[in-house]
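Thanks for coming. I will take one structure and go through it piece by piece. Please keep the picture in view while I talk.

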Amino acid sequence: MAEDLVLDTAIRDWVLIPLSVVMVLIGILRYFVSKLMRSFQVPDPKIVKEGQVIVRARNLRGAANFIPPKSFRSRRVYFSNEENGLLFVPKGQAQNAQAQMFSDPNMAMDMMKKNLSMIIPQTLTFAWVNFFFSGFVAAKIPFPLTQRFRSMLQNGIDLSTVDVSYVSSRSWYFLNLFGLRGLFSLILGEENAMDDTQRMMQMGGFGFDPSKSLTAEKDGLDIVQHEWALPKFEHRAEAVLKKLVS
Amino acid sequence: MAGQGDSSSSEKKSKEVMNDVSTFRAENLQNNMKVVYYSRTFLSIIGGAIAGILGLTGFMGFILYFIVMAITSIGLIAKAKFSLHSYFDCWNRIILDGFLGGLMSFVLFWTLAYDIVHIF
């Protein structure tokens, strides 16, 4: 089954290249539209404060070995003290923050807008491809695939004897969809490319951020074993200087 | 492409102080990872176009992909002047990181170039 079909040059001119160009342009358009539509949210001072406290606690945890034991302990008490420690959140308050985040209309609108701006261009383009470009062989994939992929890749083509490598334009659309992600991340500058999968994962874990991470930080801080690394530095400095002198 | 030349020249030193407890500045490490990612993506696109124009099919094309990835790794390691530990925290990051991510772009441009040149 290795006969080489000869395909019309017009297919290349009017299907492959326009489809790729259209997808690139739609991606760029979507990026700029989402940039324009991003509503500016006035940051809530309480949330910002909590975020900064978390950053400080994390720094303390990371660099704990560079400060003397006593000052580390006093800092730790400052953070996790039962009465007025910064990281200690009473149970009732924790639930509250969560509920508030979900019923906040602004945030819900933002999430909806972001989701929609991802889904609508994809759906429209897919419908357009199906309507115009169905029923003929569009491209040949350079590597062989098994027969199981036939139904997936050759959707508009009704001949069952054609080699599985010859695919319809629907599969060309999907190939473009995945392959252009890399291109977008190069031309649109970091990360603002088609990271729809990342966005969806982010949406899920968004509401819990402040209250749970405070307790998480507090636990992490309690666990840290302090081991002061600085006394060793004198020996190291001595060794290095000796090597320099001798 | 502007990214290739001057992004690899901005790899920064990650380690601040040479000590047993090796520390890394997170933002520099992230920047280095980004450089690795961009280099791999760019080279996988170019590699795909090369594979298509040369008319490679099947296995040969994937072998070319691995060769291009290996050349990327060697190039990045050479740029880091072979002292990998002052820029990255472990070997895996520079060798295995964007491996599969570049595969889709590679296949897309491979198919595109192959079809344009050979079938039509």
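Of the 120 residues of chain B, 45% count as buried. Keep in mind that this is a predicted model. Chain B exposes about 6,100 Å², and carbon and sulfur atoms supply 68% of that area.

What is chain B built from? It has five helices and zero strands, so to read its elements from the N terminus on you simply say α-α-α-α-α. Among the contacts in chain B with a separation of 6 or more, 72% join residues 24 or more positions apart.

Helix α2 of chain B covers residues 26-54, which is 29 residues.

Next, the core. In soluble globular proteins, nonpolar side chains tend to be buried together. The largest nonpolar core here has 39 residues. Those touching the most other members are Leu19(A), Trp172(A), Tyr173(A), Leu180(A), Ala51(B), Phe106(B) and Leu108(B). Which elements give two or more residues to this core? From chain A they are α1 (9-37), β1 (137-140) and α7 (169-187); from chain B they are α2, α3 (59-79) and α5 (101-119). The most comes from α7(A), with eight residues.

Take Trp172(A) from that list. Leaving aside neighbours within four places in sequence, Trp172(A) is in contact with Leu16(A), Leu19(A) and Ser20(A), and also with Leu108(B), Thr111(B) and Leu112(B).

Not counting residues up to four places away in sequence, Thr125(A) touches Met23(A), Ile26(A) and Tyr173(A). Is Thr125(A) buried or exposed? Its relative accessible area is 7%, under the 20% cut-off, so Thr125(A) is buried.

Last, charges. Side chains of opposite charge can pair when their charged atoms come close. Over all chains, the structure holds one salt bridge. It joins the side chains of Lys242(A) and Glu238(A), at 3.5 Å from N to O. Both residues lie in helix α10 (residues 230-245) of chain A, four residues apart, about one turn of the helix. Lys242(A) has 53% relative accessibility and counts as exposed, while Glu238(A), at 41%, counts as partly exposed.

Notes. Residues numbered from 1 in each chain as written. Chains lettered and ligands numbered in written order. Predicted model: local features only at pLDDT ≥ 70, side-chain atom pairs only at ≥ 80, totals over all residues. Heavy atoms only, no water. Buried < 20%, exposed > 50% of the residue type's maximum accessible area, 1.4 Å probe, protein only. Contact = heavy atoms within 4.5 Å. Expected span 1.5 Å × (residues − 1). Salt bridge = Lys/Arg side-chain N within 4 Å of Asp/Glu carboxyl O. Core = buried A, V, L, I, M, F, W, Y, C linked by side-chain atoms within 4.5 Å. Areas by Shrake-Rupley, 256 points an atom, 1.4 Å probe, with all protein chains shown as cover.
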